Amino acid sequence: MSKGLAKEAQGMVSALRSISKRHAMRSNAAWLACASPEVQEEFLDSLEPETVMALPWLFEFWAMPHQLPPEGDWRSWVIMGGRGAGKTRAGAEWVRSKVEGPRPEDTGEAQRVALVGETVEQTREVMVFGESGILACSPPDRRPVWEATRKRLVWPNGAVAQVFSAHDPESLRGPQFDAAWVDELAKWKRAEEAWDMLQFSLRLGDRPQQCVTTTPRNVGVLKALLNAGSTVVSTAPTEANRANLAASFLEEIRNRYSGTRLARQELDGVLLEDAEGALWGLADMEAARLREPVEPMRIVVAVDPPVTGKSNSDECGIIVVGAVVDGPPQEWRAVVLEDATVAGASPLEWAQAALDAMARHKADRLVAEVNQGGDLVETVIRQIDPTVPYKAVHASRSKVARAEPVAALYEQGRVAHLAGLDTLEDQMCRMTAQGYKGKGSPDRVDALVWAIHHLLIEPAGQWRRPRVRLL
């Protein structure tokens, strides 16, 4: 081994012996994983036997950045990640870091810990006995004992962690703690009550803290916690922990859910908010997911042009929708095929993007709103393709009034979405009966509404059932 590598390996040993130097520890596992087999072997051979035995239990050495508590003076640490991102392991290791002292019988920062999950059974099976739970993470000389009748863990140094159910908020009335680990807060049915009771009980010590591990959901208790000044947040997608997950699992869930709002919430760990009174919600988007192949009979590309073509102007909404119009109008269905929206494009650029979308999908017609550009919209489009089938539409009603009948079609299950429409769906979930609650203009939603109006709503108003001639 070269002198340089030997010196680097010795630096690793020094880092291991200085566990409290957190920032040095955070890069060690990455360094070791990327090193050559010769360097890895030399590094391990250079460690003293007791250091090698301790290495698997030194979480700060192996942890990913989102699994380590942020620096600073905080009360709540929220680890918000996708399924399988390592949230449970981070919570269990945080509890260890709070209750353990330098030696097995030395006291740590915390002596009374609350473990709160949705039910007692889930708390016990996931947070205590789970594969990434406290017992699995604890070294033999510091492993706590589970007292089943009292629903608690007891460490060799006397620290105690009690198990509670969020279904029973009153059980948190009376006990007091200096630390708490809360799991899956966003799915608790009595979240507000249980969370409030926990806050009242978290009152021991100089600086009581709590760790919250959860997949994000649009619920008030989580949003209020994230907005609190004493909260710090770590986020990570499922893929951050891919080394510990089955490759087939990642491939399957990405193939099935990629480009959906559900994937952004459950896999990317993104908090998706539905505006109050929204015409569409997350549940509507998931219900609209296309379950089986559909061959549209008619396809249109709808365009909602921006006022200007500058880089900071609104997007040009370009949405491709197909329709199946067999039978009477109440049986007609639509499928949203693509969101081809462009941002910061000149009139010629967005016109070309719309025509390219028509070509990709062999669309029958281009529908464009002309409130902003008037005849110039058609002029720009026909500069590129003079023969394009084109229809100009003019908004005489508000965006909400136009969107409401389209939202009704979604409620009836008559509109489906292909994958990859998450940005459009985000806009849809911010369109309320009082107007759009997002930034800028809902150009994608406007284009969607025009397309579905053209394919389903307008033709339905003109449809006449064929007369049956009596002989």
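At what angle do the axes of helix H17 and helix H19 cross? The legends below take this view first.

The model is predicted, so that local features need pLDDT of at least 70 and side-chain atom pairs count only at pLDDT 80 or more, while totals for chains, interfaces and linings use all residues. Residues are numbered from 1 along each chain as its sequence is written, and side-chain values use heavy atoms, with hydrogens and water left out.

**View 1. Helix H17 against helix H19.** The axes of H17 (residues 399-411) and H19 (residues 443-462) come within 10 Å and cross at roughly 60°, where helices are DSSP runs of H or I with at least four residues, numbered from the N terminus, and axes are lines fitted to C-alpha atoms over the stretch in contact, with angles from 0 to 180 degrees between N-to-C directions. That makes H17 oblique to H19, the class left after angles under 35 degrees (roughly parallel), over 145 (roughly antiparallel) and 65 to 115 (roughly perpendicular). Contact, meaning heavy atoms within 4.5 Å, involves Lys-399, Arg-402, Ala-403, Pro-405, Val-406, Leu-409 and Tyr-410 of H17, and Asp-446, Leu-448, Val-449, Trp-450, Ile-452, His-453, Leu-456 and Ile-457 of H19. These residues divide into 11 nonpolar, one polar and three charged, with Ala, Val, Leu, Ile, Met, Phe, Trp, Tyr, Cys and Pro counted as nonpolar, Asp, Glu, Lys and Arg as charged, and the others, Gly among them, as polar.

**View 2. Helix H15 against helix H16.** H15 (residues 347-361) packs on H16 (residues 375-384) at an angle of about 65°, with the axes 9 Å apart. H15 is therefore roughly perpendicular to H16. Pro-347, Leu-348, Trp-350, Ala-351, Gln-352 and Leu-355 of H15 meet Val-377, Val-380, Ile-381, Gln-383 and Ile-384 of H16, a contact with nine nonpolar, two polar and no charged residues.

**View 3. Helix H10 against helix H11.** For H10 (residues 191-201) and H11 (residues 220-227), the packing angle is about 40° and the axes lie 9 Å apart, and the two helices are therefore oblique to each other. Ala-191, Glu-192 and Trp-195 in H10 meet Gly-220, Val-221 and Leu-225 in H11, giving four nonpolar, one polar and one charged residues.

**View 4. The lining of the largest cavity.** A cavity is a set of points, on a 1 Å grid over the protein atoms alone, where a 1.4 Å probe fits but cannot get out, and lining residues have an atom within 4 Å of a point. The lining consists of Glu-100, Gly-101, Arg-103, Pro-104, Arg-142, Trp-155, Pro-156 and Asn-157, which divide into three nonpolar, two polar and three charged residues.

Terms used
1 Å grid on protein atoms, 1.4 Å probe; cavity = no way out; pocket = protein on both sides within 12 Å on 5 of 7 lines; lining within 4 Å.
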